[in-house]
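This briefing goes through a single protein model by topic, starting from its overall order and ending with one residue and its surroundings. Please keep the sequence and the structure in view while reading.

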Amino acid sequence: MLVYVYLFSFALGGLLLLASILLGDKDSGHADGEADADAELGHVSSGGATQGLDHGVVDSHGSLSGVFTAFLSMRFWMFFLAFFGLTGLVLDGLDLVPNSSLALVLALAMGLVTGQVTVAVFRHLGASETSTAAGAHDYVGKSGRVLVGFGPGELGKLRLTLKGTTVDVLATSDEEQRFAIGDSALVIQMNETTAVVAREPGSGSGSHVA
């Protein structure tokens, strides 16, 4: 009877894994209960813009709470079912162990370990990518669009794309001519969280509004 349970589990887990691969698996941690990863990575504001530079990351995925939250992950159950079923089929179906009870225990253990390790690996990879905070040198040489106009010695706001993320930063300039909304500006220096910008060569002095 357990052989059918193993077979069903292996088939279901395999189908879920195949569907995940075919659909691209857009890091299902954002929709399958792994939202704790997002909560711990306080890098992006509600508007999608990075707030400040060189933020640290609080990583508690290796803690006991991380083990329990793995059970909320669809990824965990995909791998659990697949490896639980596969192990049970091999051990019990081929009579590699003395009795079915031992095969069941080993299959459960394999499923749990595989699921937990898989979730931990994906969380670690996701945290490593997201926690690569932008440093001042990453801003220099980048160009963006002015969101809030400013003149010499005044503070405005600049929007640019950094490491695939839309970032809004405070901006100022030593140039005499004002930067209007929609103008293109080049970051030449970072003073803490404020970008010192210059007009891009060839951009002209247009004062268009985005």
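Read from the N terminus, the elements of the protein follow the order α-α-α-α-α-α-β-β-β-β-β, which amounts to six helices and five strands. The model is a predicted one, and the values below are computed from it.

**Overall composition and surface**

- The protein has 210 residues, of which buried residues make up 36%.
- When contacts between residues at least 6 apart in sequence are taken together, 61% of them join residues at least 24 apart.

**Helix α1**

- Helix α1 spans residues 2–22, and its 21 residues reach 30 Å from the first C-alpha to the last, which is close to the 30 Å expected at 1.5 Å a residue.
- The buried residues of this helix are Tyr6, Ser9, Gly13, Leu17 and Ser20.
- As a general point, an α-helix has 3.6 residues a turn, so residues three or four places apart point the same way.
- On the face of α1 that is turned away from its buried side, the exposed residues are Tyr4, Phe8, Leu15 and Leu22.

**The strand barrel**

- The five strands close into a barrel, in which they follow one another in the order β1-β2-β3-β5-β4 and the pairing is mixed.
- Within this sheet, neighbouring strands are turned against each other by 55° on average, with direction ignored.
- Strand β1 (residues 143–148) and strand β2 (residues 156–162) run antiparallel and are joined by three bridges.
- Val146 has Leu158, a residue of β2, as its bridge partner.

- Thr87 belongs to helix α4, which covers residues 74–93.
- Is Thr87 buried or exposed? Its relative accessible area is 13%, and Thr87 therefore counts as buried, since the cut-off for buried residues is under 20%.
- Leaving aside residues up to four places away in sequence, Thr87 touches Leu106, Ala107 and Met110.

Key:
Residues numbered from 1 in each chain as written. Predicted model: local features only at pLDDT ≥ 70, side-chain atom pairs only at ≥ 80, totals over all residues. Heavy atoms only, no water. Helix = DSSP H or I, 4+ residues; strand = E, 2+ residues; numbered from the N terminus. Expected span 1.5 Å × (residues − 1). Buried < 20%, exposed > 50% of the residue type's maximum accessible area, 1.4 Å probe, protein only. Pairing = 2+ DSSP bridges. Axes fitted to C-alpha atoms, helices over the stretch in contact; angles between N-to-C directions. Contact = heavy atoms within 4.5 Å.
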